[in-house]
Structure formats: structure tokens, C-alpha cells
Amino acid sequence: MIGLIVRRLLQMPVILLVIYTITFLLAWSLPGESLLNDEGRRPPQSVIDQMNREYDLDNPYRFYANYLYNASGVRWVVAGVTGGERPRWIFNFGPSFKYDDWSVNELIGSSLPVSIVLGLSAIILALVIGLTAGIIGALRPNSLADLVTLLVALVGISLPSFVTGTVLLVIFSVWLRVFAIAQWGSLQDMILPAVTLSLPFAAYIARLTRMGMIDALGADYIRTARAKGASNMSLHLRHALKNAFLPVLSYLGPAAAYAMTGSFVVERVFNVPGIGQHFVSAVQNKDLFLIMGVVLVFATMLIFFNLAVDLMYRWIDPRIEQ
Amino acid sequence: MGKLIAIFALLVGVLALTLAMDRSIPEADFTYIQPQDIFTLDPQAMSYNQDLRMAYAIYEPLAHWDNEVATFDIIPAAAERWEISDDGLTYTFHIRDAARWSNGDPVLAEDFRYAWQRAIMPDSVADYSGLFFVIDGAEAFFDWRTEALEAYAERPASQRTREAALALREETNQRFADTVGIRTLDDHTLEVRLARPTAYFLDLCAFGPFCPVHPETVEKFVTVKPESGRLDTDKRWTKPWNLVCNGPYVVEQWQFKRGMFLRRNPQYWDQDAIVSDTIRTLPVQDGNTSILAYETGAASWHSDVTVKYIADMLAQKREGKRDDIHALSTFGTYFWSFNCRPKLSDGRDNPFHDAGVRRAFALSVDKQAIVEKVKRSGEKVAHVLIPPGSIGGFESPQGLRLDPVRAREELAKAGWADRDGNGVPENESGVEFPVVEMLCSTGSYHEDIAMAMGRMFTEVLGVRTRIEAKESKIYKDDLKQKDYMMARGGWFGDYGDPTTFLDLHRTGDGNNDRGYSDPVFDDLLARAAQEPDVDKRMTLLEEAERYTMEDTLPVLPIWHYNYYYMFEPPLDDEGHVRPGGLVGISYHPRLVQYMWKLGVLKEGDEVRVTEMGVFAQ
């Protein structure tokens with residue numbers, strides 16, 4: 001277990017460096033000027049040149065090296081050692097060009113918790129809905145209940161969230177007036193976006209559970225357990241589900257990361273101030289520091305989630321350790 | 001099973017913890033929706049309409065516009081009065097004794113001098129630095145500083161120390177004091193000397209970037225960078241817990257993309273003018289969601305409706321089915337640019353270099369049909385660049401209207417006629433008129449407009465067209481490189497003078513995307529700039545507008561932009577006050593909404609009806 005953690009943590013800088021390099025190459029080749037807003041007035045060229053130099057936008061090599069120096073925390077450490085002036089953040093992602101009054105750190109700091117809350121609630125909901133539906137389907141295969149869950153799962157997977165989101169919004173917020181629109185702050189405001197976001201995950205989990213359960217229920221050890229007189233309840237939940245859950249668990253890692261960041265559409269429909277918007281708008285605005293910042297943070301998150309899932313895997317199923 | 005529950009509990013725990021750390025924005029007396037969050041609260045760095053509107057809420061410039069009257073007069077604000085010297089060059093502003101910053105400090109002449117110096121420095125990219133160049137010495141100072149920074153950056157590293165940077169800053173401040181025509185005569189008197197008489201200088205004094213800032217607050221966040229010698233201002237000074245304001249409101253909360261909460265500034269000198277005690281902004285990016293939010297009562301004003309079904313909403317209004325959508329004409333014009341350079345970017349001859357060809361194209365567009373059948377949202381057709389009636393004392397010319405016969409004549413006079421009978425015009429050496437590439441950005445109505453115009457060009461002139469719809473950054477790049485033949489464009493005026501539009505056509509102007517360069521036009525502008533007589537100056541500018549809109553056509557205006565608001569009307573059909581209605585919206589095309597005038601009517605409130613709107617009593 002410790003070995004795994006150490007190995008993964010040692011791999012992390014290498015993976016991040018590769019991601020950083022690829023993102024840098026892609027972002028640098030975007031057309032357009034980073035510093036200018038598209039609809040604004042154009043300052044004199046000499047001023048633009050100076051500002052480009054200030055932010056290393058005139059030289060890709062310098063940009064690549066300096067940004068890495070700041071974002072990786074090396075500058076912070078070096079400043080500490082040499083007694084120089086320490087930057088405000090250990091991992092300093094620089095200013096945002098588009099949102100003048102915010103640094104990339106502040107932007108991520110304000111939007112990442114929102115996305116984590118939304119993503120986690122969606123994953124929890126997806127687990128509850130998906131496991132329940134999957135177990136029902138597995139216990140009575142091809143029954144009406146199974147067909148209904150299959151249908152719901154299909155809809156959940158195939159309908160894009162801007163459709164499900166808008167439908168939910170119109171039903172619950174416009175007709176029934178249960179929830180406020182375009183607000184973020186209370187638990188209530190979270191329900192609709194979380195449900196919308198959870199649907200595709202729930203559908204997938206339901207199918208995974210159902211398959212795993214049906215496989216497990218046919219296995220020898222279940223017959224043995226039944227012969228030993230285990231109750232139905234304990235048979236299904238203790239013995240079968242435990243094995244059927246493993247594929248779900250391995251799916252949860254990427255799913256959680258995806259739910260926390262891939263929610264651009266849901267964020268837009270429900271006006272959620274999360275991090276997903278930056279993945280799209282930062283690229284449209286060529287907001288270089290913001291692009292690099294969100295990608296690095298997301299990559300780090302993904303690595304940690306995968307590690308967490310692997311650890312849980314071993315914890316639940318000790319066979320894997322050997 | 002226990003382990004599964006443990007994992008589940010862990011997830012719920014993280015969720016609860018993150019939720020508990022959150023702080024939401026409270027309800028306000030008046031909430032309004034805008035599509036974007038505020039970009040900056042630094043007045044000298046602002047350029048977006050919504051940011052400028054916020055500037056007027058939290059800062060008070062020397063003067064305000066009277067947005068309740070059609071003449072849009074300049075009225076005193078932080079300055080209680082001012083004198084203008086007979087030669088029109090020196091302005092002396094007397095700042096009112098009662099004006100206070102939100103921390104209780106008096107508002108001083110120095111605060112304006114300090115803020116304006118920030119704007120006249122190239123250290124940060126400020127969109128509106130150029131507007132300050134009407135002040136004597138400002139442009140020369142800006143250039144001097146730019147060169148000084150350039151020279152500093154070329155020094156060897158050993159000479160780029162903190163001390164050297166501080167010395168440069170000292171020298172810069174001294175030079176500003178010595179050469180730029182801004183002086184504080186005493187604590188409450190500001191003297192501004194202009195480079196030449198500028199009829200619209202007072203109008204500029206009411207504009208957002210001319211707002212003061214609180215020097216002690218900003219100065220805490222300013223550092224000099226030893227590597228480049230530049231001043232670096234940490235934008236944390238605009239955070240609610242740092243920001244000191246002199247306007248009717250103070251910022252109490254600001255959360256990115258969640259909105260801002262403003263409260264009445266108890267230190268503001270004119271408390272009676274403030275209608276709503278608290279204001280909340282609600283940024284909603286998605287057009288549909290924003291309309292649903294407005295309709296379910298999340299806000300009393302939607303400040304920018306951009307959905308595609310505006311046309312249907314306006315139709316519903318005409319049929320009496322709804323009364324909360326409003327089209328307001330603005331200080332802006334939608335147009336298509338012609339590339340005016342002799343050669344295209346790929347080296348071919350550019351047919352649009354010939355003003356006759358440009359006139360022919362302009363004469364073949366049925367703008368009425370485009371506005372009514374394609375755009376469908378009630379804009380006014382434009383034949384000129386400057387929206388008629390938006391600037392007092394300026395008479396707009398006629399411009400060019402649809403005239404297919406004259407269009408073909410113009411094209412023939414320019415040497416293009418269908419010589420081989422295939423319908424496409426050729427020049428004298430038999431070369432066909434090149435396919436007209438119409439450049440626009442994707443994701444909006446521009447492609448529809450291009451398609452409609454392209455058909456009109458083909459029908460009237462026989463030329464072939466091709467639409468080049470590109471992502472907006474690429475479109476912008478192509479525009480800058482002049483890599484196009486025709487391109488969509490638009491412009492909103494900044495201040496109440498024709499030059500805010502006409503400067504677009506000036507040779508070498510930073511926003512002259514057309515590469516238009518005409519000595520006759522440049523001369524008209526230069527003469528107007530030197531003309532001390534107000535009426536004669538206007539006549540010269542009218543001629544400049546006529547020259548570009550009837551003779552040389554660097555741009556082909558299509559319509560004057562509308563803005564679309566949603567709010568409950570303050571009066572019912574009989575003219576009685578309607579509780580729940582919104583007061584304070586000005587219909588003047590400059591579209592300046594002062595937030596302290598906005599508020600939701602309650603039972604028993606009285607209102608004042610002026611020529612530009614309904615305002616609280």
C-alpha cells in the first residue's frame with residue numbers, strides 16, 4: 001500500500017510536466033492576442049509590446065520556463081531559502097487577462113469548491129440511484145421493473161444534459177416554482193443541477209451493478225452461502241453486491257473527476273459559478289494563465305482521484321494486494 | 001457492506017464541509033441581471049458598459065450627465081461648479097466640501113490628479129488612455145514614459161535594481177507634475193489645461209475612466225518591478241474589504257460569477273438622490289436561463305437580453321401579450337467594413353480600394369429588408385455612422401440608400417461591367433470581379449446578414465460572394481491583418497462628440513480596421529480640431545461624416561444597435577403609478593443608467609415623468 005502511494009507520488013511530477021508541456025503547446029498556438037479584449041479599444045502597439053514582454057508573451061521559451069517556475073512552487077521555495085520576497089501563493093498561476101481583478105488562484109479558489117460540491121452531490125446521487133436500480137434489475141431480470149430501469153438508464157445516458165437540465169428547470173422552477181433559477185448558495189439551489197449532472201452517471205452505474213450482480217449471483221460461492229443458510233438479504237447485499245461493486249468503484253474515480261469539471265453545460269443552464277466554464281471560456285479568450293492553471297489543477301485532481309480509488313479498491317478487496 | 005458505507009460517509013462528509021464554508025449573497029431591495037460578471041472595479045482600467053455602470057454607482061466623477069433630458073446636459077457631481085477660461089483651454093473645478101470617501105476622508109483635488117495620472121501611464125493596458133490626451137502634455141508624457149521603460153528594460157541587469165526602479169518612478173512623477181496640465185491649486189480646486197480647445201472635455205469628465213480613486217488605498221498595493229521598472233498594482237485593492245468609494249454605494253460583497261452586493265454609502269453627500277438602499281447584481285451567462293430567472297422574479301431588471309427569440313418577444317408586446325420587454329436605441333452602429341487598401345493580403349489587386357466600387361456595393365443593399373426580415377428586432381435602419389439625434393447640435397447627412405440603377409452605374413464607372421455576358425462583371429482587361437469574401441464571426445446573426453447581403457450584391461451587381469465565418473479570435477486577427485474584403489463590424493461611441501465615431505477613419509488610428517486613409521478626410525478632422533468656434537467645428541465634422549457616408553464609404557452602415565431590457569413598466573396605460581414597476585431607466589441613446597436612480601415602485605410612491613423616462617420623485 002505504502003509502496004503504491006510512493007510510486008504514484010513520484011510519477012506525478014513527470015505526468016504533470018508532460019501535461020503542462022502539451023497544454024502549453026496547444027494554448028500557445030491559439031490565434032489572437034491574449035492581452036486585448038475583443039470588443040475594446042486598441043492601445044498603441046508600443047504599449048502592447050511592452051506588456052507582452054512583461055508577461056513573457058513575446059517568447060515561448062521564457063514563458064514556458066517562467067510559468068513553470070511560478071506554478072510549480074519552485075519560486076516560492078527559492079524565495080524562502082534566499083530570503084527574497086515570497087509570492088502570495090505557493091503555486092502561483094499568475095493573473096487572469098480577461099478577469100482583470102482576479103488572479104487565476106482566486107478564480108480557481110472560488111470556482112473549484114463549487115464544482116466539488118456539485119460533482120460530489122451528483123456522484124452520491126448517482127450511486128444511490130444507480131445501485132438501487134441495478135440491484136432491482138439484477139434480482140428480477142427482464143421483469144417490468146428491470147425494463148423500466150433499463151429505459152430510464154438509456155434516457156439518462158443518451159439525453160444531453162442541456163435537454164434534461166432545461167426540462168427540469170421548466171418543470172420545477174417555472175411551473176411548480178419549487179426552486180429559484182440562476183442562484184447559487186443554498187442546498188436548494190444545488191438540487192436540480194446535481195440531479196441533471198448525476199443522470200448519465202446513475203445510468204451507467206445501474207448497468208454496471210446489474211451486470212456484476214447477475215454474474216455474482218450465478219457464482220459458486222453464492223450457492224455455497226445459500227446452502228449454509230444465509231438469508232436472501234445478506235446474500236444479495238453482503239456477498240453479491242460486494243463483488244458487483246468493484247467495477248463501479250473503478251468507474252467512480254474518473255467519474256468523480258469528470259463530474260467535478262466536465263459540467264460546463266450544467267453550469268451554464270443552471271448558472272452555477274463552477275470551474276467548468278473556464279475550460280471553455282479561457283480558451284476562447286486565450287487567457288493563457290487561466291488555461292494552464294485549470295488544466296494543471298484538474299490533472300492533479302485526476303491523479304489523486306485515481307490513487308484514492310486504487311487504495312479503496314485494495315481496502316475493499318484484499319485479494320488485489322497480492 | 002460497512003466499507004461501502006464508510007466510503008459513502010466520506011463523500012457526504014466532504015460535501016457537508018465544503019457547503020458549510022460557503023457564504024451566499026443576501027437579498028437586496030433591487031436586483032438586476034447582466035450576462036457577464038463585472039470584469040474590474042478599477043475605473044481607469046474599465047472598458048465594458050456594465051463595468052462603467054458600476055463605476056458610476058461606487059465612484060463619483062467631477063460631473064454627471066443629466067440622463068433625464070434629451071440634451072444630456074453636463075451637471076455638477078463631485079465638483080460643485082467649474083470655470084472655463086475664455087480661450088477654452090483652462091478648466092478650474094471646485095470640488096464640493098461635503099464630498100467624502102466611504103472611510104470618511106474628504107474627496108480632494110489630488111485624488112483626481114492621482115487617478116488621472118494612473119490612466120496616462122502605459123504601465124497597464126488601459127483602453128481609454130487616449131481620451132486623456134486632450135490634456136496638455138499628456139500624450140507627450142505617455143510617450144516619454146513608454147520610451148523610458150523601453151530604455152530601462154535594455155539596461156544591464158546590474159543596473160535594474162529596486163533603487164533604480166524607484167528612482168525612475170520619482171523621475172516620472174516629477175515629470176508628470178512639470179509637464180502635464182493637471183494641477184491642484186488647493187485641496188478642493190483642480191486646474192486642467194488642455195492641449196487645444198476641446199468642446200467635449202466636460203463630457204469626458206463624466207466618463208468612467210475619469211473617476212477618482214482613493215490614493216492611500218491604491219498606493220498600499222503598488223510596487224515597482226526592479227526587472228522592468230514598471231508599476232505593478234495588485235488588484236486586491238478592489239476587493240470589497242479594501243475598496244474605498246466616493247459614490248452613492250459601497251461594495252459589500254463580490255463573489256466571482258455569483259454577483260455583487262452594494263449598500264448605500266452613508267458618507268455620500270447627496271443621500272436624497274438614492275432610491276434603493278441595497279442593490280444586487282446577478283450575472284447569468286446563458287440567455288434562456290437569464291430570461292427564466294427574470295420571469296420567475298429573481299430580478300427586477302434584465303439589462304441585456306440577447307436571445308434569438310427577441311423578435312418573438314417584441315411581437316408579443318405589439319399584440320399586447322406582454323409589456324416587460326423594451327427595445328432602446330443606442331449610441332452604436334452595426335456596419336460592414338470594406339478593406340480599403342490597394343492590395344489584398346495575398347497580393348491581388350483589391351477592387352474595394354476604389355471608392356466607386358464601395359459606393360456601388362452600398363447602393364445595392366436593401367437595409368430595410370435586412371432589418372425587417374433577417375434581424376427582425378426593430379432596429380433603426382442606418383445610412384450614416386453616427387446615430388442621428390444622439391449628439392446635440394450635430395446634423396446627420398443623408399447617406400446612401402438602395403438604388404440598383406445607380407449602383408450598376410457606379411460599378412461601370414469604376415471599370416467593371418459584364419463584357420462577356422455571363423452575368424459577372426469584368427474589368428477592361430477581361431479579369432472577372434473576384435469572389436467577394438465576407439468575413440464574420442461565428443455564433444451570432446452575422447452569417448445570416450452576410451447571406452442576405454451577398455444575395456443582394458449578386459442580384460444587383462452580378463458579383464459572386466463567399467461567406468467566411470470564423471471563430472471570434474481568428475476573425476479579430478484577420479481583421480487586424482486586413483486579411484478580408486468585407487467584414488462585419490460595429491462601433492459604440494464613448495463620449496458625446498462626433499469624433500468618437502469619426503476617429504475610426506483617421507489614418508493610422510488603432511481601431512481603423514479598414515486601412516482607410518484619405519487626406520481630404522484627415523484634413524477635415526485636423527481643421528475641426530483646431531477650430532475654436534463650436535458651430536464652425538460642428539460644420540466641419542458634419543462634412544467629414546457626409547464625405548465618408550456619401551462619397552468614400554469605408555464602412556457600410558446597416559442599422560443602429562438596439563439594447564433590449566426587461567422590466568415592469570412603471571406606469572399603467574392610464575399613466576398611473578404601478579407598484580412593482582421599475583423607475584429610473586433612461587431612454588437616451590447614450591444609455592447611461594445611474595444605479596442610484598433605479599428602484600422598484602411601492603404602493604403610494606410618486607414619480608416624475610421626463611422626456612427620457614420615468615424617475616422616482
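In the predicted model, chain B is divided into domain 1, spanning residues 62-236, and domain 2, spanning residues 329-562. The C-alpha centres of these two domains of chain B lie 36 Å apart, and the contact between them takes 9 residues from domain 1 and 8 residues from domain 2. The area buried between domain 1 and domain 2 of chain B is about 780 Å², with carbon and sulfur atoms giving 60% of that area. The count of salt bridges between the two domains is 0, while 2 residue pairs, both members at pLDDT 80 or more, are in polar contact. On the side of domain 1 of chain B that touches domain 2, the residues divide into 7 nonpolar, no polar and 2 charged.

Between the chains, the contact takes 64 residues from chain A and 71 residues from chain B, and the buried area is about 6,400 Å², of which 59% is given by carbon and sulfur atoms. Within chain A, the residues that lose the most area to chain B are Arg41(A), Arg42(A) and Asp101(A), which together account for 14% of what that side buries.

Polar interactions across this interface comprise 6 salt bridges and 19 residue pairs in polar contact, counted with both residues at pLDDT 80 or more. In one salt bridge, the side chains of Arg53(A) and Glu150(B) meet at 3.0 Å, N to O. Among the elements of chain A that give two or more residues to the side touching chain B are helix 2 (45-54), helix 8 (187-217) and helix 13 (288-316), whereas helix 5 of chain A gives the most, with 12 residues. The residues on this side of chain A divide into 33 nonpolar, 15 polar and 16 charged.

Note on methods:
Residues are numbered from 1 along each chain as its sequence is written. Chains are lettered from A and ligands numbered from 1 in the order in which they are written. This is a predicted model: local features need pLDDT of at least 70, side-chain atom pairs count only at pLDDT 80 or more; totals for chains, interfaces and linings use all residues. Side-chain values use heavy atoms; hydrogens and water are left out. Contact means heavy atoms within 4.5 Å. Buried area is the accessible area (1.4 Å probe) that two parts lose on being put together, summed over both. A salt bridge is a side-chain nitrogen of Lys or Arg within 4 Å of a carboxyl oxygen of Asp or Glu. A polar contact is a pair of N or O atoms within 3.5 Å; within protein, one must be able to donate a hydrogen and the other to accept it, and residues adjacent in sequence count only if both atoms are side-chain atoms. Helices (H or I, at least four residues) and strands (E, at least two) are DSSP runs, numbered from the N terminus. Ala, Val, Leu, Ile, Met, Phe, Trp, Tyr, Cys and Pro count as nonpolar, Asp, Glu, Lys and Arg as charged, and the others, Gly among them, as polar. Domain bounds come from an automatic or database domain assignment.
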